[in-house]
Structure formats: C-alpha cells, structure tokens
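This report goes through a structure part by part. Please keep the sequence and the 3D view at hand while reading.

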Amino acid sequence: MALIAELAVQGAQMMLVLLLAPLLTGFVRKVKARLLRRQGPSLIQPYRDLLRLMRKEVVLAGNASWLFRVIPYLIFAATWVAAALIPTFATGLTFSWTADLIAIVALLGSARFFLALAGMDVGTSFGGIGASREVMIASLAEPAMLLIVFSLALVAGATQLSTVAAFMGSPEVGLRVSLGMSLIALVMVALAENARIPVDNPSTHLELTMVHEAMVLEYSGRHLAMIEFAAFLKLLLYVSLISCVFIPWGLVTARSGPGAYALGVAVYIGKLALSGILLAVFETAIAKMRVFRVPDFLGAALMLALLGTLLLFVSRSL
Amino acid sequence: MNGLTFDIAHLLAGGLVLVSFMMLYQDRLFALINVFALHAVVLALSVAWQAYVQDAHHLYVTAAIALIFKAIVIPVGLHRIIQRIGIHRDIETAVGIGPTMLAGIGLVALSMVLMLRVTPEADPLAREDLAFALSIILLGLLVMVTRRNAVSQVVGFMSLENGLVLAATGAKGMPLVVEISVAFSILIAFIVIGVFLFRIRERFDSVDVGALDDYRGERR
Amino acid sequence: MTSIVALLLWGAAAFLGTAMLAVAVSRRGSATHLVYGATLGISAVMFAIATAALTGDPAGVSPVTLPLGLPWIGAHFRLDALSAFFLVVVNLGGTVASLYGLGYGHHEPAPHRVLPFFPAFLAGMNMVVLADDAFTFLLSWEFMSLASWALVMAHHREQDNTRAGYIYLVMASFGTLALLLAFGLLAGPDGTYTFDAMRAAEPSRFAAAAALVLMLLGAGSKAGLVPLHVWLPLAHPAAPSHVSALMSGVMTKVAVYGFLRVVFDLLGEPAWWSGVVVLFLGGLTAVLGILYALMEKDLKRLLAYSTIENIGVIFVSLGLALAFKANAMPSAAALALTAALFHVLNHSFFKSLLFFGAGAVLTATGERNMEKLGGLIHRMPLTSFVFLVGCVSISALPPFNGFVSEWLAFQAILQSPDLPQWGLKVMVPAVGGLLALSAALAAACFVKAFGITFLGRPRSAAVEQAQEVDRYALAAMFTLAALCLLAGILPGLVIDGLSPVTLSLIGSRMPVQMAQPWLSIVPIAESRSSYNGLLVFVFIAISASLAAFVIHRFASHALRRGPAWGCGFPDVTPAAQYTAVSFAQPIRRVFGTFAFRAREKVEMPPPGATAPARLTVEIHDVVWETFYQPITGAVGYATEKLNRLQFLTIRRYLTLVFLYLVTLLLVLALWP
C-alpha cells in the first residue's frame, strides 16, 4: 500500500512537470511582453500551440529517414525522464536514486545528440549549421556543467540531488564563494542550454545566427509538437534544478502526507514564478551575442566553475 | 570566530579574486577601469569587515583610503586620461583570452597549493586570506604581462597592490603607517606613470609599450 | 585445475596451427571460410574458458612451465584474475572479428596476405596475456607487433600504407626497447626474469621510477598515449577493417594489460607522483585525441584518433587508481580501477563495432572519405542502426555502456578531496574537467561521424548504388551492439565480474552490486550516488511509447512528403550540404588556434575581378612538429654524415674496426 502511494507521488511529479512546463514558457513570454509594454499572448498560448501542432498534417522532407521520425519521441522521452528525476516539490521520491546529477546531465546530452542528428538528416545547410553550432556550444557547456556538479558534490559529499538539496537547506552550508560562482556558472550554462537570449534567440526563425531553431527547421505537425514540448520541459528542468539546489527551502521530504505535498507544490510554483520573472527581466535587458562570442561566454562559465571548485579548498570544511 | 564572520570574510576575499578574473576577461579600457573600481570597492568592504572582526579601528582608515582613492579618484583620473589622449579602442592583449584565463586558473591553483601547504597551523581566516591575496597578486602580474597598453598595465599593477593590502589586513597587528605609505606610494606611482604616459604619447603617438621596444631597436 | 593454462596454451597453439594451414591453403577459394571458421571456433572456446576462469577462482590455477625459450629459464605461463579478464577481452574481440571476417574476407583482394597473419596475431595477443616471465612476455609482444605489422602492410600498394607500416615498425621497436629496459631494471643484478621473482624483489626508488617511465613509453606507445600516438592513426586504418577493429579494440588493451601488470603488480607500492604523471598524460591524451578526431574526414582515421581519446580516459582512471593506492585508500582505488577496466571492456565492444561499420561502408561504397558519403541510412538501414548504437555508446550517453564507465570515473574523481597531497587535490578536479570536455567533444565527433556518413543526401554516385552488407558482418555487429546495451543496463554484472581483478591488484573491491535493489549500481552509498541503467532504459522506453501512443491515439495521422523547406531556399545540389570539415569549423575556431595553431586565411579578389574568393585553413600537427620532426631531421643529418663511411679504403675500414676494439677494451679496463 505504501509502495503504491509512493509510486503515485512519483507519478504525480512526472505529470506535474509535464503540465507546468508549457505554463512556465508562456509565463516568461508574457512577462517579457509586459516589460516591453506589449499585451503579449495569453498564459496558456503554449498549450494551444501544442494542440494545434498535433492536429496539423506532417510535411516530411522527401529524403527524411526513419531516424528523423523517431527522434522527436526519443528527445521528448529523455528530457521528460530527466525532468522527472529532479526534485521539484519533494525530495527522496521512490525513483529519485535512479540517476544522480551526472546521469541527468548525460540524459540531456543524449537528447541533444539526437537533436543534432535530426538537424543533419534532411541534408539542408540550415540543419548542418544548427547542428554544428549546437555541438560547439555543448562542448563547452557540458564540461562547465560537470564542474559545477563537482563543486556541489564536493560541498555536499554526494551527487544525489535529494542529498544535495537536503544539505543545501541545512544551516551548515553557510555562505561560500564557490557556491556563488557555481550559481553564476549554472545560470550561464542554463541560458546556453535552453537557447535563451545572449546565446540564442528562442523567438526568431529567419536569422543566420539561430542555433536551436535551425536544427528543427524541417519538423512540422506532431513531430514539432514533441520537440517544442521537450524544449519547454528543458527550461522547467533547469529552473527546477537551480531552485532545488540554491533555494531548497520549502522542499518537503517523501512520505510526509498530502497536506505537506500540497504546500510543497505551492512553494515550487512560487519559485518557478520568481525564476520566470528574473529570466524575463534578464532577457529584456541584454542583447544577443554573435555566435563566436558564445565560446567566450561559456568559457567564462567553465572558468568560473573550475575556479569555484578550486576555491572550495580554502573554505571551511575541506 | 563563528561561522558567519568567517563566511563573510571568505566571500569578500573570494569576490576579490573573482573581480581579478573579470579584469583578465575585459578587453575594453573603460570596462577595465570600471572593473578596477569594483575591485577597490570589494577591497574596501573586505578591509572594513576585517576592521570590524579584529576590532581594529585603524583599518577603517585603510578601507576609506581604498574606497576614496582607488574606487573613485584614480578611476576618474584614468577615465580622463583616456579621453584626453583618445584611446577608446580595444586593448590589444598580447595573449588570447582563453589561454590567459587558463593561466589565471593555474596561478590560483598554484597559490592555493603553496599557501595551504606552508601554513597548516595558521588561523584559518589568515590562511585563506593569504591564499587569496597571493592569487590576486599573481593575477595582477598576469594582467601586466598579457597587456600591451600602458594604461591597462597600470591597472594591473594597482590590482596587484590591492592584493598586498588584503594580505596586510589579514595578518593581525600590522601598523597603519605601512598601509598609508603603501597607498601613497601607489598614488605616486600612478602620477609618475601618468606623466610617463603623456611622454610616450608625445614622442611616439601611441601608448603601446611596444613602441619603446622599437625605439630601443629590439625585436618583438 | 592445472589443465586450464595448458588448455589455453593449446588454444594459442591451435591459432598458430591455423596460421600454418592458412599459408598452405590461402590461394584456394574456400580458405577464407576455413581460416575464419577455425579462428571463430578457437576464440569462442578460449573466451568460454577465460570467462569461467574469471568467475571461478583464478588464484587456484597453477602455472605451467614449458621447456621453450632460453634454456635455463624456460617459458612460464600463468593465469590470474587480471590475465583472465584480458583474455576475455582478447578472445571476445577475436570471436566477433572472425565472425565478421567470414563475410568480409570475401571482398579481400589479396587473401594470402591476410589469412596467415590473422590467427598468428590472435595467438600473439593471447600469449602476451598468459606470459609469466619477461622473456616470454617480450617474445609474445614482438610476435604480436610483427603479425599486426604484416596485416597493416596487407594492402601495401595503396597510397600512404608503406609509410604507415614504416612508422609503425619504428615505433613498435622503440616501444619494445623501452619494455626491455624496464624489465632489465626490474630483474635487478641477479637477472631473475620470472614475474614471481620480480614481484618478490624490492626495486630501489630510482629503479621503480625509471621502470614506470619506461613502461609509460613502452606500453604507452603501443596504446597510443600522446605524444607517442603518431603511428596509431596511420597504421590502424591501413589494415583490413576487421583487423583494424582488433588493433584498436583489442591490441591497445593488451598494451594496457602490460602497463597494469608491471605497474600495479610487479612494481609494488607506487609513489604518489606516479599518479600525477599518469593523470596528466591521460587527460592530455583524451582531449588531444578527440580534437584530432574532430578535424578528421577519413572515417577510419577518425575512429583511430578516437581510440587515442579512449586510451586517455582509461589512463585517467588508472592514474586515479595509482594515486589512491599510493595513499592507502583501497576502496577508492578499487573504484577507479574498476572504472578503467570497465572502460577497457566497453571500448573493445564499441570500437570493434564502429570499425566493422566503417568496413561495411568501405565494402559497400569503396570510400573512407566522409566528404564523399552521405545518406547511407536509406541504402544500409541495418548497418546504420548498429553504427548509431556504437556512436551513442562511445559518446558516453545513457543508457549505453560508455556512460557507465565514465560515470564510475567521475565518482572516483569525487573521492579526491580525501587525498593528502595538495597537488593531487587540486589537479584531480581539473583533470575531471578535461574528462568532461573530452566526453562532450566525443559526442560532437560522433554526431559528425554518423551525421555526415549516414544522414543527409548522397555526395557521390558510389553511395547511391550501395548495398547492405552480408549476414555474417551484420551478425557480428548486432552481437556487439547488444553487448553495448547489455553492459549499459546491467553494469552491476560487469562490476562484480571485475572484482577478482581489483582484489588481486589493490586488495579491495567495490561493494557487491548485483545484490542492490532494482539492480542499480552504488559505488559507496545510495545517499551519495547511484545510477540505474536498467530503469533509465525502461523509463525512456515507457515514456517514448506513451508519447507515441498518445500521439497516435489523439493527434492527426496525416503525413505528406514534400521537398525540404530549408527556409524557402530552393533545393540545391547535395554538395551544398554541411561537410565533415564545415561541421567541425566552429569547434576548430574555438580550440584549434590553441591545439593546432590553426589559421584561416580569406583571399578576397578586389571588386570587379573575376578570380574566385578562397578560404584556406592551415592546421599544424603540433606533436609531430615538436617531437618528431627534430628527430627525423637529426637522423637524416646523421645518415648523410655517416654516408661517407661507405666509400672508404680497406685500410681505413680496418683502422676503424681496430680503433673500435681498442675503445671497447679501454672502457672495460676503466670500468670500476
């Protein structure tokens, strides 16, 4: 019986990320529009977009292979599993030990690997440009991310997210300069990974600097819906990750009853809203970089993460 | 000393290292000077916190000197100089940003290893302060080495001096006189180098110190 | 139990017998089937024996001494956990390569140059692993090198292959020389060449350090450690593809075995700085190897460079294991060593698979140059599927096997704060960063390898006529792909299988993994870190099928084929697709100036001129230019000077010989 309840909570978390992901993107778009003194699309516009895409016919390029049609589901599945493994409102859920932070990063790497392949399948130059830039960005963002994971793991003594979150919520963590650097680096990596503004522009198509949109240019209909959904989930994933590690207050532990769970969900939604507003403000305030400035940006994130790891050795406990 | 005081001191000193890194990363003169001003502000905060923690009132004077001279007077002066001689263009770094940052990381690692190895019994605060200070000094030297422009070399030199001040305040009981003299020597150096700048400018129509090498007949 | 070693030796003898037979029959049509069938059978039996020995109690197997070799020594052979594990790797590789050869061998233009040496090569590798004295080890090592050299030279009329063979021969001799000196140091003044005696002897600190460096040179040159890797990307691709797979997937592992045997087994307690050296070389090798691979447009050379990267990854884990072992942290050392051995096994799986795939592409199209391939997924769907599995595995992506060994290596790196030396403490996370960088670059490299070769539109006419390969080759590739997935979702099985090896080398082991609930792997404690490949695989499968089910239940089914959209740009020729070189251009711009001193030069004609604009890219092989060019230059200079000796009078020759004799006698007289 207890097992069924735990499975239900795990399932609830999976559904929660699925339901909230389009809302977060819609919210960010809305806030950005309001900051620009526009009315902006409604909050539920992303849901409507997904439904509309699903109802549309798929137009497949003449020489698209079977891989091209399978990849959207693979990307969606890998991102969804990764998103569901991050503690959102509660730590220590039934399957939380399935993958630690390193494995979650690698799962996202799998999704990206297939996305880049999809970009190359049809054989247009745009797909190639997107894929080659995506792997260039990833080749710097992934090591930066792993060094951030190292810093966190060396502080908390674990790569298991539930343990890290519990440690970061405890008073013994204190103020550490390494953690500050990790936070900045993580935000930079998150911006790059989600194709957000200084690195890539999520809301433009006909631009030679596009990266993510160039890879998915040939997708349409239900396939595009899957890929868009995966992108929404990825944004939610990074926001959940940052908030679970750096603002861990309000996370409830597993097996603490429905009332506590409800409270946890409410706090989680509050954190999402806060992060969404910050993201929108940041994106409005900054201009997009040209592509070959991105390595400098991500190189700085990499250096910050490495510096954070090094500076750990002069802090209190190590 | 309880955890929080240590943490704040640690945070400020670490922030100083971070700002030193930002200096390595900047490739525009105005931005570099602004970052230097930030460096001085963080230094002032750090020194003030040390003054509070050690209950040493003379350190407040040092903090004030850092704030007034290094965060306000000198940056404003440098801004004027740059505008007067009209060099708003990019700094030509002698080495690329990537290798410079890597070298910087290496230097920080070196100073950590060195300081932590030689001072195992020291007070933890002084210990980490010394490690940070050595990193800042080395990073300042790195700025001086990797830049060709005389103004950015001056900035590198002054950030190096900030590292010295951090080291001096970390060690308890350092008399105030030393700090004032250090600060003034820097001011004098600044004036001298400022004059020097104009000299170079008059003679060679450039503040690229490479011009001096040409003058001496050296190959670059 | 005595019979196991004897049985394995009989197996090696059977390989040699097959080689003899092959010499006799190689010109006949049925020879290919006969020889590869025989090697398939022998390696399968040896694989079964070795697996049984590894899971059983290898310590209880008594050694065998044969009255061969140097008369007062004899040839010693022994089987312990370490050699049993490497026998598994060697013979598994031999089995699938033979299976592949059954079909692939029919396309061989000169079978009499391949068939005799293939079994001999397998025999050599088996004997290296079984050898229990320095003489037998070196003899088998040289035998293995020469057999593989002959296989590299099988297509000696093709361009560049003679040069590859020459460089390989020089580097192999250099490596053997280093090994000879290392064993000489270990044998001490008494000249005891059995491994038992070396293990018992306590080498002085200087001798141990020198032996370590010599082993890094000797085994490292065979494995492909930077800067000794130069021969590898030339020689491995030159051989027929199933031999390339054996050389990259298995022979480099035999080199790792040599390193492990001497450094972990014979040398005794390591010094902590040896970990630093190995870690540094490993990290450098990993990153440089994969950067070279990214710049490559020849599919087989790309795979060879990626072998260098994987060797780097293995050596990073070995360096960690050395550092932990030197500081008496046995459980962490066992974790790092397990990561290294797991990667040895994984790399033998996916690198063989990828070389088989490259061989299939080569037979189908006659092309190794990726710039002329493309769109093969339509013509060779099965090959492209297994090649994709190989690419995902080697890119260290879950839920496949490459990820597990990288994950274990990262977990070992996270143990580094407990090390007492500050240098190691600071260095290990930085090397971890290098490891992460090489993993990310490997993913980029294999997106390129798969995307350019199999996706997009055909770039040449040969590709449009390509046919799927024969069923033997497919069977071999599917076996390896299944192994990649199995090792990825049931890693606990492999880790537990490796525990006898870590027990014998470190004296400790990782906790038993198969007893964990849900078959997850837990290196230290579940609250610290755990990974469950099976569940990740199941979750991905469930959520992908769920999504597909929902889509097919509720969404539109309409599908129309049309021309590609491409931002409304009209359909241009396939030549306008992204190529291997253009795909790597962003990465070249980021890392190339640093690693290859790459320079891009754009020549723009003035307005009105009809000349084309040109973009030229200049890439330098920094390692070759810094280490090897001065040596070749010096050798060339010396030969030119010494050339005069060929034209002396008889009297002068006699004087020369006389002076030489006198000098030798003088040295002897003055020697203390």
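## Terms and model

A residue is called buried if 20 or more other C-beta atoms lie within 10 Å of its own, exposed if 12 or fewer do, and partly exposed in between, with C-beta atoms placed from the backbone. Helices (H or I, at least four residues) and strands (E, at least two) are DSSP runs, numbered from the N terminus.

The model is predicted: local features need pLDDT of at least 70, side-chain atom pairs count only at pLDDT 80 or more, and totals for chains, interfaces and linings use all residues. Residues are numbered from 1 along each chain as its sequence is written, while chains are lettered from A and ligands numbered from 1 in the order in which they are written.

## Confidence

The predictor gives the complex an ipTM of 0.95 and a pTM of 0.92. Its confidence in each residue is the pLDDT, from 0 to 100. The average for chain C is 90, and 99% of the residues score at least 70. Within chain C, helix α15 (residues 381-394) has the highest confidence, at 96, and strand β1 (residues 64-66) the lowest, at a mean of 82.

## Where chains A and C meet

Two residues are in contact if their C-beta atoms, placed from the backbone, lie within 7 Å. Chain A gives 74 residues to the contact and chain C gives 72 residues. On the side of chain C that touches chain A, the elements that give two or more residues include α16 (401-413), α17 (422-454), α21 (533-554) and β3 (559-562). The largest share, 15 residues, comes from α17(C). By class, this side of chain C has 46 nonpolar, 19 polar and 7 charged residues. Here Ala, Val, Leu, Ile, Met, Phe, Trp, Tyr, Cys and Pro count as nonpolar, Asp, Glu, Lys and Arg as charged, and the others, Gly among them, as polar.

Strands also pair between these chains, where pairing requires that DSSP finds at least two bridges between two strands. Strand β1 (residues 58-61) of chain A runs parallel to β3(C), and 4 bridges join them. In this pair, Ala61(A) stands opposite Gly562(C).

## Covered and uncovered elements

Helix α3 (residues 81-104) of chain C has 24 residues. From its first C-alpha to its last, α3(C) reaches 34 Å, close to the expected 34 Å, where the expected span is 1.5 Å times one less than the number of residues. The helix α3(C) is largely enclosed by the rest of the structure, because 24 of its 24 residues are buried.

Strand β4 (residues 599-603) of chain C is hardly covered, with 0 buried residues among its 5. It runs antiparallel to strand β5 (residues 614-618) of chain C, and 5 bridges join the two. One bridge pairs Lys601(C) with Thr616(C) in β5(C).

Another cis bond joins Pro398(C) and Pro399(C), with omega about 5°. The loop that holds Pro399(C) is between α15 and α16 of chain C.

In chain A, Arg37(A) has a positive phi near 65° though it is not glycine. Its loop is between α1 (2-35) and α2 (45-55). Ala195(A), also not glycine, has a positive phi near 55° and is found in the loop between α7 (177-193) and α8 (212-215). Is each of these two residues buried or exposed? Arg37(A) has 7 other C-beta atoms within 10 Å, so it is exposed. Ala195(A) has 20 C-beta neighbours inside 10 Å, so it counts as buried.

Definitions and conventions. pLDDT = per-residue confidence, 0-100.
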